[in-house]
There are 2 protein chains.
Amino acid sequence: MSNVTSRRGRSAEGRAEVRRDLVTAAVDLFTARGYDDTTVDDIAAAAGVGRRTFFRYFKGKEDAVSPDHELGLARIAEVFATAHPTEPLLSVVLRAGETVFDLYLSDPGTARKRFALVHEVPALRDREAAMVHRYRRLFTKELAARLADVEDGDLRAAVTGAAVVAAHNQALRRWLADGGTAGGTEACRAHFRKVAGMLPLEQAPDLEQVARRLERAARSLERRTS
Amino acid sequence: MSNVTSRRGRSAEGRAEVRRDLVTAAVDLFTARGYDDTTVDDIAAAAGVGRRTFFRYFKGKEDAVSPDHELGLARIAEVFATAHPTEPLLSVVLRAGETVFDLYLSDPGTARKRFALVHEVPALRDREAAMVHRYRRLFTKELAARLADVEDGDLRAAVTGAAVVAAHNQALRRWLADGGTAGGTEACRAHFRKVAGMLPLEQAPDLEQVARRLERAARSLERRTS
DNA sequence: TGTTATGTGGCACGGAGTGCCGTTAGAGTG
DNA sequence: CACTCTAACGGCACTCCGTGCCACATAACA
(Lines give C-alpha, C1' and ligand atoms only; values in the text may rest on other atoms or scores of the structure.)
Protein backbone atom coordinates (compact mmCIF):
# COMPACT_ATOMS: atom_id res chain seq x y z
CA MET A 1 0.00 0.00 0.00
CA SER A 2 1.57 3.24 -1.10
CA ASN A 3 1.79 6.29 1.08
CA VAL A 4 -0.65 8.23 -1.04
CA THR A 5 -3.31 5.55 -1.24
CA SER A 6 -3.01 4.96 2.48
CA ARG A 7 -4.23 8.50 2.96
CA ARG A 8 -7.74 7.73 1.78
CA GLY A 9 -10.35 7.12 4.42
CA ARG A 10 -8.01 8.38 7.05
CA SER A 11 -8.12 7.58 10.74
CA ALA A 12 -7.64 10.08 13.54
CA GLU A 13 -3.89 9.43 13.60
CA GLY A 14 -3.72 9.91 9.86
CA ARG A 15 -5.44 13.26 10.09
CA ALA A 16 -3.04 14.45 12.75
CA GLU A 17 -0.17 13.30 10.57
CA VAL A 18 -1.41 15.26 7.57
CA ARG A 19 -1.81 18.34 9.71
CA ARG A 20 1.74 18.05 10.98
CA ASP A 21 3.03 17.61 7.45
CA LEU A 22 1.18 20.70 6.30
CA VAL A 23 2.49 22.80 9.17
CA THR A 24 6.03 21.60 8.56
CA ALA A 25 5.81 22.26 4.83
CA ALA A 26 4.30 25.70 5.39
CA VAL A 27 6.89 26.79 7.95
CA ASP A 28 9.77 25.50 5.85
CA LEU A 29 8.53 27.07 2.62
CA PHE A 30 7.68 30.39 4.25
CA THR A 31 11.12 30.51 5.80
CA ALA A 32 12.96 29.50 2.64
CA ARG A 33 11.07 31.38 -0.09
CA GLY A 34 9.08 33.96 1.84
CA TYR A 35 5.42 34.11 2.70
CA ASP A 36 4.18 35.97 -0.38
CA ASP A 37 6.16 33.84 -2.80
CA THR A 38 4.73 30.63 -1.40
CA THR A 39 1.33 29.57 -2.71
CA VAL A 40 -1.07 27.21 -1.06
CA ASP A 41 -0.46 24.84 -3.96
CA ASP A 42 3.22 24.74 -3.00
CA ILE A 43 2.42 23.86 0.60
CA ALA A 44 -0.07 21.19 -0.35
CA ALA A 45 2.28 19.67 -2.92
CA ALA A 46 5.15 19.64 -0.41
CA ALA A 47 2.92 17.85 2.08
CA GLY A 48 1.78 15.38 -0.57
CA VAL A 49 -1.88 16.33 -0.51
CA GLY A 50 -4.19 18.23 -2.80
CA ARG A 51 -4.77 21.94 -2.61
CA ARG A 52 -8.39 21.40 -1.61
CA THR A 53 -7.31 19.35 1.39
CA PHE A 54 -5.22 22.22 2.76
CA PHE A 55 -8.34 24.30 3.27
CA ARG A 56 -10.00 21.41 5.12
CA TYR A 57 -7.28 21.60 7.79
CA PHE A 58 -6.77 25.37 7.92
CA LYS A 59 -9.17 28.22 7.51
CA GLY A 60 -6.65 30.11 5.44
CA LYS A 61 -3.05 30.42 4.42
CA GLU A 62 -2.17 32.38 7.56
CA ASP A 63 -3.41 29.70 9.93
CA ALA A 64 -0.85 27.16 8.75
CA VAL A 65 1.77 28.64 11.08
CA SER A 66 -0.45 29.38 14.07
CA PRO A 67 -0.39 27.33 17.21
CA ASP A 68 -3.70 26.05 18.45
CA HIS A 69 -5.06 29.23 19.96
CA GLU A 70 -8.50 27.72 20.43
CA LEU A 71 -6.93 25.33 22.91
CA GLY A 72 -5.23 28.18 24.74
CA LEU A 73 -8.45 30.12 25.02
CA ALA A 74 -10.27 27.03 26.25
CA ARG A 75 -7.66 26.43 28.93
CA ILE A 76 -7.92 29.99 30.22
CA ALA A 77 -11.70 29.71 30.38
CA GLU A 78 -11.32 26.43 32.23
CA VAL A 79 -9.01 27.96 34.85
CA PHE A 80 -11.54 30.70 35.52
CA ALA A 81 -14.48 28.29 35.56
CA THR A 82 -12.90 25.78 37.95
CA ALA A 83 -11.25 28.28 40.30
CA HIS A 84 -12.38 28.08 43.91
CA PRO A 85 -14.51 31.09 44.87
CA THR A 86 -12.22 31.94 47.77
CA GLU A 87 -9.06 32.00 45.64
CA PRO A 88 -7.82 35.57 45.23
CA LEU A 89 -8.54 36.92 41.78
CA LEU A 90 -4.89 37.79 41.32
CA SER A 91 -3.93 34.16 41.83
CA VAL A 92 -6.49 32.98 39.29
CA VAL A 93 -5.27 35.46 36.71
CA LEU A 94 -1.67 34.40 37.14
CA ARG A 95 -2.54 30.71 36.88
CA ALA A 96 -4.56 31.36 33.72
CA GLY A 97 -1.68 33.27 32.20
CA GLU A 98 0.87 30.62 33.02
CA THR A 99 -1.34 27.94 31.50
CA VAL A 100 -0.80 29.43 28.06
CA PHE A 101 2.97 29.21 28.42
CA ASP A 102 2.76 25.46 28.16
CA LEU A 103 1.42 25.67 24.62
CA TYR A 104 4.60 27.41 23.51
CA LEU A 105 7.10 25.89 25.89
CA SER A 106 6.09 22.35 24.99
CA ASP A 107 7.67 22.72 21.55
CA PRO A 108 10.45 25.33 21.67
CA GLY A 109 11.76 24.46 18.21
CA THR A 110 8.67 25.29 16.21
CA ALA A 111 7.95 28.15 18.59
CA ARG A 112 11.21 29.78 17.55
CA LYS A 113 10.51 29.27 13.84
CA ARG A 114 7.02 30.68 14.21
CA PHE A 115 8.36 33.62 16.18
CA ALA A 116 10.76 34.54 13.39
CA LEU A 117 8.07 34.22 10.75
CA VAL A 118 5.40 36.13 12.63
CA HIS A 119 7.74 39.04 13.27
CA GLU A 120 8.80 39.20 9.62
CA VAL A 121 5.59 38.80 7.64
CA PRO A 122 3.03 41.60 8.04
CA ALA A 123 0.09 39.32 7.32
CA LEU A 124 1.16 36.95 10.09
CA ARG A 125 1.80 39.86 12.46
CA ASP A 126 -1.75 41.08 11.98
CA ARG A 127 -3.05 37.57 12.44
CA GLU A 128 -1.17 37.28 15.72
CA ALA A 129 -2.47 40.67 16.83
CA ALA A 130 -6.01 39.47 16.22
CA MET A 131 -5.33 36.42 18.36
CA VAL A 132 -3.84 38.50 21.16
CA HIS A 133 -6.98 40.58 20.96
CA ARG A 134 -9.09 37.48 21.61
CA TYR A 135 -6.99 36.51 24.62
CA ARG A 136 -7.32 40.00 26.01
CA ARG A 137 -11.08 40.00 25.48
CA LEU A 138 -11.43 36.69 27.31
CA PHE A 139 -9.44 37.89 30.31
CA THR A 140 -11.37 41.14 30.40
CA LYS A 141 -14.72 39.36 30.21
CA GLU A 142 -13.90 36.95 33.03
CA LEU A 143 -12.48 39.72 35.18
CA ALA A 144 -15.41 42.04 34.59
CA ALA A 145 -17.80 39.35 35.79
CA ARG A 146 -15.83 39.13 39.05
CA LEU A 147 -15.34 42.86 39.53
CA ALA A 148 -18.95 43.84 38.99
CA ASP A 149 -19.34 45.23 42.50
CA VAL A 150 -16.00 47.02 42.62
CA GLU A 151 -15.72 50.70 41.82
CA ASP A 152 -14.81 51.13 38.14
CA GLY A 153 -14.86 47.37 37.80
CA ASP A 154 -15.12 47.50 34.01
CA LEU A 155 -12.11 49.72 33.72
CA ARG A 156 -10.12 47.63 36.16
CA ALA A 157 -11.04 44.52 34.20
CA ALA A 158 -10.01 46.07 30.88
CA VAL A 159 -6.73 47.36 32.26
CA THR A 160 -5.90 44.13 34.08
CA GLY A 161 -6.74 41.94 31.10
CA ALA A 162 -4.61 44.01 28.78
CA ALA A 163 -1.77 44.13 31.29
CA VAL A 164 -1.74 40.38 31.86
CA VAL A 165 -1.70 39.58 28.16
CA ALA A 166 0.98 42.20 27.53
CA ALA A 167 3.16 40.83 30.33
CA HIS A 168 2.66 37.31 29.03
CA ASN A 169 3.69 38.24 25.52
CA GLN A 170 6.63 40.26 26.77
CA ALA A 171 7.93 37.35 28.83
CA LEU A 172 7.44 35.03 25.89
CA ARG A 173 9.24 37.33 23.47
CA ARG A 174 12.10 37.77 25.90
CA TRP A 175 12.43 34.02 26.26
CA LEU A 176 12.35 33.46 22.50
CA ALA A 177 14.84 36.27 21.90
CA ASP A 178 17.19 34.63 24.40
CA GLY A 179 17.19 31.50 22.28
CA GLY A 180 14.19 29.77 23.78
CA THR A 181 16.21 27.26 25.73
CA ALA A 182 14.28 24.71 27.75
CA GLY A 183 16.11 25.84 30.90
CA GLY A 184 14.91 29.42 30.68
CA THR A 185 11.26 28.61 31.04
CA GLU A 186 11.22 29.18 34.78
CA ALA A 187 12.86 32.59 34.42
CA CYS A 188 10.22 33.34 31.81
CA ARG A 189 7.46 32.41 34.24
CA ALA A 190 9.07 34.45 37.03
CA HIS A 191 9.28 37.46 34.76
CA PHE A 192 5.62 37.12 33.94
CA ARG A 193 4.63 36.87 37.60
CA LYS A 194 6.15 40.27 38.28
CA VAL A 195 3.04 41.70 36.67
CA ALA A 196 1.20 40.84 39.87
CA GLY A 197 2.44 44.01 41.52
CA MET A 198 1.26 46.17 38.64
CA LEU A 199 -2.40 45.21 38.47
CA PRO A 200 -5.19 47.41 39.83
CA LEU A 201 -7.06 44.49 41.32
CA GLU A 202 -6.92 45.40 44.97
CA GLN A 203 -8.35 48.57 46.33
CA ALA A 204 -5.82 51.22 47.12
CA PRO A 205 -4.93 51.38 50.84
CA ASP A 206 -7.79 52.75 52.88
CA LEU A 207 -6.77 56.38 53.26
CA GLU A 208 -9.80 57.05 55.46
CA GLN A 209 -8.48 54.62 58.02
CA VAL A 210 -5.01 56.12 57.79
CA ALA A 211 -6.43 59.57 58.40
CA ARG A 212 -8.38 58.34 61.43
CA ARG A 213 -5.25 56.85 62.96
CA LEU A 214 -3.40 60.11 62.46
CA GLU A 215 -6.25 62.04 63.98
CA ARG A 216 -6.31 59.75 67.00
CA ALA A 217 -2.57 60.15 67.49
CA ALA A 218 -2.93 63.92 67.22
CA ARG A 219 -5.76 64.01 69.73
CA SER A 220 -3.75 61.89 72.12
CA LEU A 221 -0.84 64.28 71.78
CA GLU A 222 -3.18 67.21 72.23
CA ARG A 223 -4.47 65.87 75.53
CA ARG A 224 -0.98 65.37 76.85
CA THR A 225 0.36 68.76 75.90
CA SER A 226 -2.61 70.76 77.12
CA MET B 1 -19.03 69.25 -18.31
CA SER B 2 -20.25 66.03 -16.78
CA ASN B 3 -19.31 64.89 -13.32
CA VAL B 4 -17.30 61.98 -14.65
CA THR B 5 -15.20 63.93 -17.11
CA SER B 6 -14.49 66.56 -14.47
CA ARG B 7 -12.70 63.90 -12.52
CA ARG B 8 -9.79 63.60 -14.89
CA GLY B 9 -6.59 65.35 -13.96
CA ARG B 10 -7.83 65.94 -10.48
CA SER B 11 -6.64 68.58 -8.05
CA ALA B 12 -5.95 68.04 -4.37
CA GLU B 13 -9.55 68.95 -3.48
CA GLY B 14 -10.77 66.50 -6.10
CA ARG B 15 -8.75 63.70 -4.57
CA ALA B 16 -10.15 64.35 -1.12
CA GLU B 17 -13.63 64.36 -2.63
CA VAL B 18 -13.14 61.01 -4.30
CA ARG B 19 -11.86 59.55 -1.06
CA ARG B 20 -14.90 60.78 0.83
CA ASP B 21 -17.21 59.37 -1.83
CA LEU B 22 -15.51 56.01 -1.61
CA VAL B 23 -15.74 55.89 2.18
CA THR B 24 -19.40 56.90 2.10
CA ALA B 25 -20.21 54.33 -0.57
CA ALA B 26 -18.33 51.60 1.28
CA VAL B 27 -19.95 52.28 4.65
CA ASP B 28 -23.41 52.50 3.15
CA LEU B 29 -23.05 49.35 1.06
CA PHE B 30 -21.47 47.36 3.89
CA THR B 31 -24.29 48.39 6.19
CA ALA B 32 -27.04 47.73 3.69
CA ARG B 33 -25.89 44.52 1.99
CA GLY B 34 -23.22 43.17 4.27
CA TYR B 35 -19.46 43.20 3.98
CA ASP B 36 -19.02 39.90 2.17
CA ASP B 37 -21.81 40.56 -0.30
CA THR B 38 -20.29 43.88 -1.35
CA THR B 39 -17.54 43.77 -3.94
CA VAL B 40 -14.96 46.42 -4.60
CA ASP B 41 -16.60 46.90 -7.99
CA ASP B 42 -19.83 47.82 -6.21
CA ILE B 43 -18.08 50.42 -4.07
CA ALA B 44 -16.21 51.93 -6.98
CA ALA B 45 -19.34 52.04 -9.14
CA ALA B 46 -21.34 53.68 -6.34
CA ALA B 47 -18.62 56.30 -5.98
CA GLY B 48 -18.53 56.86 -9.74
CA VAL B 49 -14.94 55.76 -10.25
CA GLY B 50 -13.25 52.74 -11.73
CA ARG B 51 -12.34 49.67 -9.74
CA ARG B 52 -8.65 50.32 -10.27
CA THR B 53 -8.96 53.74 -8.69
CA PHE B 54 -10.30 52.26 -5.47
CA PHE B 55 -6.99 50.52 -4.86
CA ARG B 56 -5.16 53.78 -5.46
CA TYR B 57 -6.92 55.29 -2.43
CA PHE B 58 -7.05 52.24 -0.14
CA LYS B 59 -4.65 49.40 0.37
CA GLY B 60 -7.51 46.94 0.49
CA LYS B 61 -11.21 46.47 0.93
CA GLU B 62 -10.95 46.60 4.71
CA ASP B 63 -9.32 50.01 4.78
CA ALA B 64 -12.32 51.73 3.22
CA VAL B 65 -14.01 51.97 6.63
CA SER B 66 -10.95 52.72 8.75
CA PRO B 67 -10.27 56.16 10.16
CA ASP B 68 -6.87 57.59 9.49
CA HIS B 69 -4.86 55.64 11.99
CA GLU B 70 -1.59 56.85 10.55
CA LEU B 71 -2.55 60.33 11.69
CA GLY B 72 -3.39 59.07 15.16
CA LEU B 73 -0.06 57.31 15.48
CA ALA B 74 1.76 60.40 14.25
CA ARG B 75 0.00 62.58 16.83
CA ILE B 76 0.95 60.26 19.66
CA ALA B 77 4.54 60.23 18.54
CA GLU B 78 4.46 64.02 18.35
CA VAL B 79 3.17 64.34 21.91
CA PHE B 80 6.00 62.18 23.17
CA ALA B 81 8.59 63.96 21.05
CA THR B 82 7.59 67.48 22.05
CA ALA B 83 6.92 66.81 25.74
CA HIS B 84 9.05 68.79 28.13
CA PRO B 85 11.62 66.58 29.91
CA THR B 86 10.36 67.63 33.32
CA GLU B 87 6.74 66.74 32.61
CA PRO B 88 5.72 63.64 34.56
CA LEU B 89 5.50 60.58 32.34
CA LEU B 90 1.98 59.93 33.52
CA SER B 91 0.90 63.33 32.26
CA VAL B 92 2.49 62.75 28.86
CA VAL B 93 0.79 59.39 28.52
CA LEU B 94 -2.61 60.84 29.36
CA ARG B 95 -2.15 63.69 26.92
CA ALA B 96 -1.12 61.29 24.18
CA GLY B 97 -4.14 59.11 24.85
CA GLU B 98 -6.56 62.01 24.79
CA THR B 99 -5.13 63.24 21.52
CA VAL B 100 -6.53 60.19 19.76
CA PHE B 101 -10.03 60.89 21.03
CA ASP B 102 -10.24 63.89 18.73
CA LEU B 103 -9.98 61.68 15.66
CA TYR B 104 -13.18 59.90 16.64
CA LEU B 105 -15.01 62.69 18.42
CA SER B 106 -14.60 65.08 15.51
CA ASP B 107 -17.09 63.07 13.45
CA PRO B 108 -19.46 61.20 15.77
CA GLY B 109 -21.82 60.17 12.95
CA THR B 110 -19.38 58.13 10.91
CA ALA B 111 -17.72 56.96 14.13
CA ARG B 112 -20.98 55.29 15.14
CA LYS B 113 -21.46 53.68 11.72
CA ARG B 114 -17.91 52.38 11.77
CA PHE B 115 -18.35 51.10 15.30
CA ALA B 116 -21.38 49.04 14.29
CA LEU B 117 -19.61 47.65 11.23
CA VAL B 118 -16.36 46.83 12.97
CA HIS B 119 -18.16 44.95 15.72
CA GLU B 120 -20.21 42.94 13.23
CA VAL B 121 -17.77 41.94 10.51
CA PRO B 122 -14.98 39.56 11.57
CA ALA B 123 -12.58 40.84 8.92
CA LEU B 124 -13.00 44.41 10.16
CA ARG B 125 -12.66 43.29 13.78
CA ASP B 126 -9.32 41.70 13.02
CA ARG B 127 -8.25 44.79 11.12
CA GLU B 128 -9.11 46.94 14.12
CA ALA B 129 -7.24 44.59 16.42
CA ALA B 130 -4.14 44.95 14.28
CA MET B 131 -4.45 48.73 14.52
CA VAL B 132 -4.86 48.61 18.30
CA HIS B 133 -1.74 46.50 18.34
CA ARG B 134 0.18 49.25 16.56
CA TYR B 135 -1.02 51.87 19.04
CA ARG B 136 0.00 49.66 21.92
CA ARG B 137 3.41 49.06 20.38
CA LEU B 138 4.01 52.77 19.95
CA PHE B 139 3.09 53.55 23.56
CA THR B 140 5.24 50.69 24.80
CA LYS B 141 8.22 51.79 22.73
CA GLU B 142 8.07 55.41 23.90
CA LEU B 143 7.57 54.35 27.51
CA ALA B 144 10.38 51.82 27.44
CA ALA B 145 12.79 54.53 26.24
CA ARG B 146 11.84 56.64 29.26
CA LEU B 147 11.84 53.80 31.80
CA ALA B 148 15.20 52.36 30.85
CA ASP B 149 16.72 53.07 34.25
CA VAL B 150 13.73 51.92 36.30
CA GLU B 151 13.51 48.44 37.73
CA ASP B 152 11.63 46.18 35.31
CA GLY B 153 11.27 49.15 32.99
CA ASP B 154 10.43 46.98 29.99
CA LEU B 155 7.67 45.21 31.83
CA ARG B 156 6.30 48.45 33.22
CA ALA B 157 6.34 49.94 29.74
CA ALA B 158 4.53 46.94 28.23
CA VAL B 159 1.91 46.89 30.98
CA THR B 160 1.38 50.64 30.93
CA GLY B 161 1.12 50.81 27.14
CA ALA B 162 -1.42 48.01 27.05
CA ALA B 163 -3.38 49.52 29.93
CA VAL B 164 -3.56 52.97 28.38
CA VAL B 165 -4.76 51.65 25.03
CA ALA B 166 -7.26 49.36 26.73
CA ALA B 167 -8.65 52.19 28.84
CA HIS B 168 -8.84 54.41 25.79
CA ASN B 169 -10.77 51.84 23.81
CA GLN B 170 -13.03 51.08 26.75
CA ALA B 171 -13.92 54.74 27.19
CA LEU B 172 -14.52 55.06 23.47
CA ARG B 173 -16.73 51.98 23.31
CA ARG B 174 -18.72 53.18 26.30
CA TRP B 175 -19.25 56.55 24.68
CA LEU B 176 -20.32 54.99 21.37
CA ALA B 177 -22.62 52.53 23.13
CA ASP B 178 -24.28 55.44 24.92
CA GLY B 179 -25.18 56.94 21.57
CA GLY B 180 -22.04 58.92 20.92
CA THR B 181 -23.62 62.24 21.73
CA ALA B 182 -21.43 65.28 21.40
CA GLY B 183 -22.15 66.20 25.02
CA GLY B 184 -20.75 63.00 26.43
CA THR B 185 -17.25 63.54 25.22
CA GLU B 186 -16.06 65.08 28.46
CA ALA B 187 -17.42 62.16 30.48
CA CYS B 188 -15.59 59.89 28.05
CA ARG B 189 -12.34 61.74 28.68
CA ALA B 190 -12.89 61.68 32.45
CA HIS B 191 -13.47 57.95 32.33
CA PHE B 192 -10.25 57.48 30.43
CA ARG B 193 -8.29 59.56 32.92
CA LYS B 194 -9.21 57.19 35.71
CA VAL B 195 -6.60 54.86 34.30
CA ALA B 196 -4.00 57.17 35.82
CA GLY B 197 -4.44 55.49 39.19
CA MET B 198 -3.96 52.02 37.74
CA LEU B 199 -0.60 52.42 35.99
CA PRO B 200 2.63 51.00 37.44
CA LEU B 201 4.64 54.06 36.53
CA GLU B 202 5.58 55.24 39.99
CA GLN B 203 6.19 53.05 42.93
CA ALA B 204 3.04 53.18 45.03
CA PRO B 205 3.88 54.85 48.36
CA ASP B 206 3.53 52.38 51.18
CA LEU B 207 0.88 54.22 53.17
CA GLU B 208 0.87 51.58 55.86
CA GLN B 209 4.50 52.26 56.52
CA VAL B 210 3.85 56.01 56.41
CA ALA B 211 1.15 55.64 59.04
CA ARG B 212 3.42 53.57 61.30
CA ARG B 213 6.17 56.16 61.07
CA LEU B 214 3.76 58.93 61.97
CA GLU B 215 2.44 56.95 64.90
CA ARG B 216 5.96 56.31 66.11
CA ALA B 217 6.82 59.98 65.78
CA ALA B 218 3.70 60.89 67.72
CA ARG B 219 4.51 58.43 70.49
CA SER B 220 8.05 59.76 70.64
CA LEU B 221 6.72 63.27 70.89
CA GLU B 222 4.30 62.04 73.50
CA ARG B 223 7.11 60.75 75.69
CA ARG B 224 9.02 63.99 75.39
CA THR B 225 6.12 66.19 76.35
CA SER B 226 4.96 64.09 79.25
C1' DT C 1 -19.62 -9.41 0.17
C1' DG C 2 -22.42 -5.28 -0.25
C1' DT C 3 -23.32 -0.82 2.16
C1' DT C 4 -22.45 3.36 4.29
C1' DA C 5 -19.63 6.96 6.15
C1' DT C 6 -15.83 9.73 5.72
C1' DG C 7 -11.89 11.82 3.81
C1' DT C 8 -9.87 13.16 -0.53
C1' DG C 9 -8.69 15.39 -5.21
C1' DG C 10 -10.16 17.78 -9.27
C1' DC C 11 -12.73 21.27 -11.37
C1' DA C 12 -14.76 25.55 -11.88
C1' DC C 13 -16.03 29.93 -10.21
C1' DG C 14 -16.10 34.58 -7.94
C1' DG C 15 -13.52 38.02 -5.87
C1' DA C 16 -9.16 40.45 -4.10
C1' DG C 17 -5.18 42.72 -5.35
C1' DT C 18 -1.44 44.12 -8.90
C1' DG C 19 1.20 45.39 -13.12
C1' DC C 20 0.89 47.55 -17.33
C1' DC C 21 -0.57 50.84 -20.65
C1' DG C 22 -3.35 53.98 -23.32
C1' DT C 23 -6.12 58.01 -22.43
C1' DT C 24 -7.40 62.42 -20.81
C1' DA C 25 -7.91 66.65 -18.08
C1' DG C 26 -5.40 70.36 -16.24
C1' DA C 27 -1.22 73.07 -15.44
C1' DG C 28 2.68 75.34 -17.26
C1' DT C 29 5.15 77.77 -21.28
C1' DG C 30 5.87 80.61 -25.39
C1' DC D 1 -4.09 80.18 -28.65
C1' DA D 2 -1.15 76.17 -29.50
C1' DC D 3 1.90 73.06 -27.55
C1' DT D 4 4.01 70.08 -24.06
C1' DC D 5 4.21 67.82 -19.77
C1' DT D 6 2.43 65.82 -15.71
C1' DA D 7 -0.61 63.26 -13.04
C1' DA D 8 -4.63 60.82 -12.29
C1' DC D 9 -7.89 57.69 -14.33
C1' DG D 10 -9.99 53.44 -16.57
C1' DG D 11 -9.55 49.12 -18.57
C1' DC D 12 -7.40 44.81 -19.36
C1' DA D 13 -5.13 40.73 -18.02
C1' DC D 14 -3.11 38.03 -14.67
C1' DT D 15 -2.13 35.38 -10.15
C1' DC D 16 -3.77 33.71 -6.16
C1' DC D 17 -7.07 32.90 -2.31
C1' DG D 18 -11.02 30.63 -0.77
C1' DT D 19 -15.30 27.82 -1.68
C1' DG D 20 -19.07 24.93 -3.63
C1' DC D 21 -19.75 20.84 -6.00
C1' DC D 22 -19.03 16.17 -7.29
C1' DA D 23 -16.86 11.85 -8.30
C1' DC D 24 -13.94 8.50 -6.15
C1' DA D 25 -11.32 5.70 -2.88
C1' DT D 26 -10.88 3.65 1.54
C1' DA D 27 -12.19 1.91 6.01
C1' DA D 28 -15.60 0.32 9.08
C1' DC D 29 -19.69 -2.13 9.38
C1' DA D 30 -23.73 -5.34 8.45
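A: The model is predicted, and a first term to settle is burial: a residue is called buried under 20% relative accessible area, exposed over 50%, and partly exposed in between.

Q: Which residues make the nonpolar surface patch, and why can V210(B) be counted in a patch?
A: The patch, of about 200 Å², is made by L214(A), V210(B) and L214(B).

Q: Why are the two copies said to be related as by a two-fold rotation axis?
A: In general, two copies of a chain are related by a rotation about an axis and a shift along it. Here a rotation of 178 degrees, with 0.7 Å of shift along its axis, superposes chain A on chain B with an RMSD of 2.1 Å. The copies are thus related as by a two-fold rotation axis.

Q: How do you know that the copies meet through the same surface?
A: Of the interface residues of chain A, 81% are also interface residues in chain B, so the copies meet through the same surface.

Q: Why is the pair R51(A) and D41(A) called a salt bridge?
A: A salt bridge requires a side-chain nitrogen of Lys or Arg within 4 Å of a carboxyl oxygen of Asp or Glu, and the side chains of R51(A) and D41(A) meet at 3.5 Å, N to O. R51(A) lies in helix α3 (residues 51-57) and D41(A) in helix α2 (residues 40-47), both of chain A, so the pair ties together parts that are ten residues apart in sequence. Both residues are partly exposed, R51(A) with a relative accessible area of 44% and D41(A) with 40%.

Q: What does the salt bridge between R134(A) and E70(A) tie together?
A: The two side chains meet at 3.1 Å, N to O, against a limit of 4 Å. Because R134(A) lies in helix α7 of chain A and E70(A) in helix α4 (residues 69-82) of chain A, the pair ties together parts that are 64 residues apart in sequence. R134(A) is partly exposed at 35% relative accessible area, as is E70(A) at 45%.

Q: How do you know that the buried residues of helix α9 of chain B line one face of the helix?
A: The buried residues of this helix (residues 185-193) are T185(B), C188(B), R189(B), H191(B) and F192(B). Seen down the axis of α9(B), they fall within an arc of 160 degrees, so they line one face of the helix. They pack against α8 (153-177) of chain A together with α5 (89-105) and α8 (153-177) of chain B.

Notes: Residues numbered from 1 in each chain as written. Chains lettered and ligands numbered in written order. Predicted model: local features only at pLDDT ≥ 70, side-chain atom pairs only at ≥ 80, totals over all residues. Heavy atoms only, no water. Patch = residues over 30% accessible without salt bridge, like charges linked within 9 Å, V, L, I, M, F, W, Y side chains within 5 Å. Areas by Shrake-Rupley, 256 points an atom, 1.4 Å probe, with all protein chains shown as cover. Least-squares fit on C-alpha atoms with pLDDT ≥ 70 in both. Contact = heavy atoms within 4.5 Å. Helix = DSSP H or I, 4+ residues; strand = E, 2+ residues; numbered from the N terminus. Buried < 20%, exposed > 50% of the residue type's maximum accessible area, 1.4 Å probe, protein only. Arc of directions from axis to C-beta.
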